[in-house]
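Trainee: Could we go through the inner spaces and the helix packing of this model together, with the criteria stated as we go?

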Amino acid sequence: MNATHHFLSTLTDIAGHNFHRYGLVLNGQHEWQVSTAAWVAESVTESQQSEKVFQLGGEALAYADLSVGYNKGQQLLGQECGLLICDLRSDFDANSFSAALGCLRGGGLLLVFPPSHNQSSLDGQWLQRCLANLYQLYQNQIPNLSALPSRHASSVELYQQQNIAVEKIRKVVEGHRKRPLVMVADRGRGKSSALGIAAAQLLQTRAMHILVCAPTLATVQPIFQHAERLLDSAQVQKGRLMLGDSVIEFIAPDDLLKRKPNCDCLFVDEASAIPIPMLQQMVAHY
């Protein structure tokens, strides 16, 4: 293992141990950036076979499970990855970049191919200053291991807030009726996961019908994935999970308001992407 690979392996290990997301800028020729990112991708997917590699911007890399244009980061919403590669060599869109970052799970790595064009513009200088705050790796330079973060103590309860959220979701069904719950958190903090965990727990108590409403089915896949993980005997179809007489199923916002089907609980995920008048109608009816 050479010095660069040792540096990358150490950073990956620290990120996983600390359950913290770290950003690394790859400064060098594009061929070196691609090969270096490929080594990280192989290392990450080998350690966890179900791990995903997402790419934002640039020509799609062979080892990326999902690749979108530099201004299409919103298409990644609701999904998770352990490695996010952002190619900023030609173009940069702040909103798209922010949306994509929300897909990076705790313990994951962000690899950045920095802009290759002149950074004399005000926005270019701003981006350059922001990228300077991330960890740096330079081609043909021995990396500085002392610059890496330290390993945190492992006594912190990582999922304490999520456990509280799951309990509050259950109380919407099991507690006082007609009392909606609003969950607010930054992207990538586990809101969808909490919905999936709570849904699985609810289905294990009694037969019930849970509707999951969101702009697209792709954005709510974590809900179904976490529910399926906790329900061994569940049958899963596209946008639908069944367990005995119980069901969790996806429904689009316009279809929900058109048909207004009965349910025991309605989950609305990615609510910020749904027009407020539609949200008001959902709350008023359900």
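Trainee: How many nonpolar, polar and charged residues are in the lining of the largest cavity?
Mentor: Ala, Val, Leu, Ile, Met, Phe, Trp, Tyr, Cys and Pro count as nonpolar, Asp, Glu, Lys and Arg as charged, and the others, Gly among them, as polar. This is a predicted model, in which local features need pLDDT of at least 70 and side-chain atom pairs count only at pLDDT 80 or more, while totals for chains, interfaces and linings use all residues. Residues are numbered from 1 along each chain as its sequence is written, and side-chain values use heavy atoms, with hydrogens and water left out. By class, the lining of the largest cavity has 5 nonpolar, 1 polar and 3 charged residues.

Trainee: Which residues line the largest cavity?
Mentor: On a 1 Å grid over the protein atoms alone, a cavity is a set of points where a 1.4 Å probe fits but cannot get out, a pocket is an open set with protein on both sides within 12 Å along at least five of seven lines, and lining residues have an atom within 4 Å of a point. The largest cavity holds about 30 Å³, a volume being the space filled by probe spheres set on points joined across faces, edges and corners. Its lining consists of Leu56, Gly57, Tyr70, Asp87, Leu88, Asp91, Phe92, Asp93 and Phe97.

Trainee: Which residues lie nearest the centre of the second largest pocket?
Mentor: About 160 Å³ of space lies in the second largest pocket, and its lining has 5 nonpolar, 6 polar and 2 charged residues. Of the 13 lining residues, those nearest the centre are Phe92, His117, Asp123, Gly124 and Leu127.

Trainee: Are α5 and α6 roughly parallel or oblique?
Mentor: Helices are DSSP runs (H or I, at least four residues) numbered from the N terminus, and axes are lines fitted to C-alpha atoms over the stretch in contact, with angles from 0 to 180 degrees between N-to-C directions. Helix α5 (residues 160–174) and helix α6 (residues 191–203) pack at about 50 degrees, with their axes 9 Å apart. Angles under 35 degrees count as roughly parallel, over 145 as roughly antiparallel, 65 to 115 as roughly perpendicular and the rest as oblique, so α5 and α6 are oblique.

Trainee: What is the angle at which the axes of α6 and α7 cross?
Mentor: Helix α7 spans residues 221–230, and α6 and α7 are oblique to each other. Their axes come within 7 Å and cross at roughly 40 degrees.

Methods: Helix = DSSP H or I, 4+ residues; strand = E, 2+ residues; numbered from the N terminus.
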